[in-house]
Amino acid sequence: MINEFFDLFSQEDFSREDANLILNTFFEVIDSEIEKNPELRDFLELYLAKQINETTQKMCQVSQETNQEVQEANQEIKELSKQMSKGLQIIDEIKEKLMFYDSQREEMKSLREKYVILSENSDSLLRLERREFKNIHRFLDQLNVYLDTDFSIVKDLYYNSCWKLGIAYNNYSEGRITYLLYPINYFKNDLQIKEISDKLKDELGGFVETSIGPTNPIHSQPENYAKELVIKKVTEICDKKLLPLSNISLFREVLFGIIDNLHECLGLKVKNSYTVREVRHSFYAYFPIWVDEVLSNENINLGYHPLFSPYIDPAFLLHQLNQEKKEEIDKRVNERIRNCQFNNRNLVLGTRNFPLKLIADFLGNPSLNDFNEINRLYIPKNFDRPTISHYSWSHNTPEEVLENIKIFFNEFPNVYDTTIDYCFPKLKQELRFFNDFDTLIVVIEVHDNYTNNNNEYSTWCPLIKYYYLRAEESNTKKEIKIFMKDRDHIPINREMDFKSKIWIDGKSYTIVKSKGPGMLGFIFDRLPMFDYLYKTLSEKMSNFFVTMDN
């Protein structure tokens with residue numbers, strides 16, 4: 001009876017409540033039967049002992065099988081670990097042979113070579129007294145103050161591990177000086193003023209500066225000349241776009257800009273989302289092998305003389321391949337990856353349109369591991385959209401343009417301010433995005449189609465206008481409001497000008513400045529935020545330079 005009961009009980013799918021009720025009833029019946037027949041208790045004990053023994057044996061067998069499976073799994077893990085270790089080693093080897101061109105790094109490499117020549121051949125001026133030393137010290141003191149405080153990013157980028165800058169000069173007079181600034185390392189005891197011979201000056205070549213004019217600026221205005229040199233370096237950093245950037249939104253923009261234009265070099269399909277693994281594999285495995293395959297097996301015009309160009313431009317290589325060649329190369333690249341046949345060629349890759357070095361820095365950042373996927377930032381252009389013009393802004397609807405503008409300005413203040421916080425921490429108040437206004441009104445004028453058959457500016461391109469407002473109330477929330485002309489109610493009209501008072505959402509504002517209307521082109525560029533960041537920084541930095549030391 002007991003056997004039959006448990007066999008039947010195990011075959012049914014009872015709810016917890018029904019099972020408890022059935023088991024309680026069953027054990028009540030068993031108890032009443034034991035009272036009637038006490039020998040049944042001995043039988044039940046033997047039965048339960050047998051069941052426990054069989055269950056124990058089964059558990060032991062399962063445990064042994066599990067142990068065997070665990071051992072096999074451990075062995076598989078060890079093998080997988082070896083493969084992963086080998087894979088990581090291969091990736092490291094690829095990284096050693098693959099470099100993304102960095103103009104600033106190349107310049108610093110050449111400078112370091114000149115510094116070695118300088119340190120070994122310059123003349124010591126220790127214990128000498130000269131009248132020019134006073135102005136040279138004034139110049140160096142002011143220059144190093146700038147580099148230690150407001151403009152430490154210049155020292156970080158151009159003079160890494162530098163304590164102070166020194167000067168090596170030749171032919172000092174009231175009207176002329178030839179000199180070279182050199183870094184004094186934190187770990188080296190060195191002179192801050194050196195003299196170089198005519199022969200060494202010629203050997204250092206273009207790395208020395210020569211002032212030929214009515215006056216020697218270090219002699220006539222040492223502090224002001226230090227300021228001029230700092231302004232020149234900061235301007236160069238902005239023009240060459242050399243700042244270290246690490247904002248994830250900026251990374252998304254740059255990454256998709258590169259993939260959209262070079263996806264065939266990267267072995268990727270154009271889409272709106274990629275895993276971090278896909279991106280790293282495409283840049284560190286597929287990309288260098290693709291370049292190696294093209295250079296090794298195709299009749300390619302590099303477009304430059306190797307002695308005069310510091311990098312290989314994959315975009316230029318891609319431009320010379322037809323669709324059939326692209327497909328053949330893709331097959332060969334994937335076959336090499338499957339067979340772990342990575343290239344032994346040292347590659348320096350670069351392109352004028354995209355900061356490949358910036359992507360390499362992002363991909364090497366451990367914080368990227370926190371993201372499973374990387375998503376596109378903007379709504380992409382639709383090249384299948386029927387248009388009557390060839391302009392780049394014709395490939396998005398007005399609603400898509402408005403949405404991209406909203407995305408852009410929702411992200412930009414944070415991208416800009418975090419860049420300032422990192423690169424110019426002493427100038428946060430002066431350079432921050434909302435430093436002289438509280439609210440930015442952005443008005444755009446966009447259309448479904450554009451034509452150049454009319455003299456009206458807005459008929460052949462989208463327009464944008466900016467109004468910068470300062471609130472009368474302190475602690476007003478900083479914000480950007482986006483409006484579309486001919487669709488939204490705009491709280492500012494054409495009659496309002498500089499210093500006009502306006503009311504928005506019950507708060508009083510003053511218009512402190514306005515710009516435009518001008519062509520709305522940046523949102524259709526390859527890297528809108530990246531370019532806009534440097535444009536905004538250059539403008540704010542120029543305004544700061546005017547007031548500097550006043």
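Modeller: A residue is called buried when its relative accessible area is under 20%. C265 comes in at 0%, so C265 counts as buried. Keep in mind that this is a predicted model.

Biologist: Got it. What about C238, buried or exposed?

Modeller: C238 has 5% relative accessibility, so C238 is under the 20% cut-off and counts as buried.

Biologist: And how many disulfides does the structure hold?

Modeller: The number of disulfides is 0. For C238, the nearest cysteine sulfur belongs to C423 and sits 9.5 Å away.

Biologist: OK, zooming out. How many helices and strands are in the protein chain?

Modeller: The chain has 17 helices and 14 strands. Of its 550 residues, 41% are buried.

Biologist: What share of the contacts is between residues 24 or more positions apart?

Modeller: Counting contacts with a separation of 6 or more, 74% are between residues 24 or more positions apart.

Biologist: And the surface, how much of it belongs to carbon and sulfur atoms?

Modeller: Carbon and sulfur atoms account for 48% of an accessible surface of about 32,100 Å².

Biologist: Let's look at helix 5. How many residues does it have?

Modeller: Helix 5 has 17 residues, 132-148. From first C-alpha to last it reaches 24 Å, close to the 24 Å expected at 1.5 Å a residue.

Biologist: Which residues in helix 5 are buried?

Modeller: The buried ones in helix 5 are E132, F133, N135, I136, F139, L140, L143, N144, Y146 and L147. Looking down the axis of helix 5, those buried residues fall within an arc of 165°, so they line one face of the helix.

Biologist: What covers the buried residues of helix 5?

Modeller: The cover includes helix 6 (152-158), helix 8 (217-220) and helix 9 (222-240), along with strand 3 (162-170), strand 4 (176-185) and strand 5 (193-195).

Biologist: Switching to charges. How many salt bridges are there?

Modeller: The count comes to 25 salt bridges. As a rule, side chains of opposite charge can pair when their charged atoms come close.

Biologist: Which residues does D148 form a salt bridge with?

Modeller: D148 forms a salt bridge with K155, where the closest N and O atoms are 2.4 Å apart. D148 also forms one with K164, with 2.5 Å between the closest N and O atoms. D148 lies in helix 5 and K164 in strand 3, so that pair ties together parts 16 residues apart in sequence.

Biologist: Last one: which residues do salt bridges that share partners join into one network?

Modeller: D292, E293, R332 and R336 are joined into one network that way.

Conventions
Residues numbered from 1 in each chain as written. Predicted model: local features only at pLDDT ≥ 70, side-chain atom pairs only at ≥ 80, totals over all residues. Heavy atoms only, no water. Helix = DSSP H or I, 4+ residues; strand = E, 2+ residues; numbered from the N terminus. Expected span 1.5 Å × (residues − 1). Buried < 20%, exposed > 50% of the residue type's maximum accessible area, 1.4 Å probe, protein only. Arc of directions from axis to C-beta. Contact = heavy atoms within 4.5 Å. Disulfide = S-S within 2.5 Å. Salt bridge = Lys/Arg side-chain N within 4 Å of Asp/Glu carboxyl O. Areas by Shrake-Rupley, 256 points an atom, 1.4 Å probe, with all protein chains shown as cover.
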